[in-house]
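Hello,

Here is the structure I promised to pass on to you. Have a look at it first, and then read my notes below.

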Amino acid sequence: MHPETHLALHHLRAAELRAEADAYRLAATARRRRDLRTRLGWTLVEVGLRLAAAPRTAAAVS
């Protein structure tokens, strides 16, 4: 294989790998944000359910 051809193929493959790495990095960032938002959402739901539940008095617990 001619050295210039080999170098051109190397540059092409390096560009492809950089593009894949960028896509993976963006997907991982979006996934982390969604996970945090989901956990926060369920925490708010839990707090809301606790606030909406009928308060228990000492007589009701006994």
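**What I found**

Glu16 and Arg13 lie three residues apart in helix H1, so about one helical turn separates them. Helices here are DSSP runs of H or I with at least four residues, strands are runs of E with at least two, and both are numbered from the N terminus. Glu16 and Arg13 form a salt bridge, their closest N and O atoms being 3.3 Å apart; the term means a side-chain nitrogen of Lys or Arg within 4 Å of a carboxyl oxygen of Asp or Glu.

Before going on, a word on the source: this is a predicted model, in which local features need pLDDT of at least 70 and side-chain atom pairs count only at pLDDT 80 or more, while totals for chains, interfaces and linings use all residues. Residues are numbered from 1 along each chain as its sequence is written, and side-chain values use heavy atoms, leaving out hydrogens and water.

By the salt-bridge rule the count is three. Asp22 pairs with Arg25 in a salt bridge, at 2.5 Å between the closest N and O atoms, and Arg50 pairs with Glu46 at 2.8 Å. Arg50 and Glu46 are four residues apart in helix H1, which again means about one helical turn between them. Arg50 counts as exposed at 62% relative accessibility, whereas Glu46 is partly exposed at 41%. (Buried means under 20% relative accessible area, exposed over 50%, and partly exposed in between, with a 1.4 Å probe and protein chains only.)

What about the overall shape? The chain has two helices and zero strands. Its radius of gyration is 27 Å, well over the 11 Å that the globule rule gives for 62 residues, so the chain is more spread out than a compact globule. (That radius is taken over C-alpha atoms, and the rule is 2.2 Å times the number of residues to the power 0.38.) Along the principal axes, the C-alpha atoms fill a box of roughly 90 × 15 × 10 Å. Buried residues make up 3% of the 62 residues.

Arg31, Arg32, Arg33, Arg34 and Arg37 form a positive one, and Met1, Leu9 and Leu12 make a nonpolar one of about 360 Å². Patches take residues with over 30% relative accessible area and no salt bridge, joining like charges within 9 Å and nonpolar side chains (Val, Leu, Ile, Met, Phe, Trp, Tyr) within 5 Å. Lys and Arg count as positive and Asp and Glu as negative, without His and the chain ends. Areas come from the Shrake-Rupley method with a 1.4 Å probe.

Best wishes

Methods. The place of a charge is taken as NZ of Lys, CZ of Arg, CG of Asp or CD of Glu.
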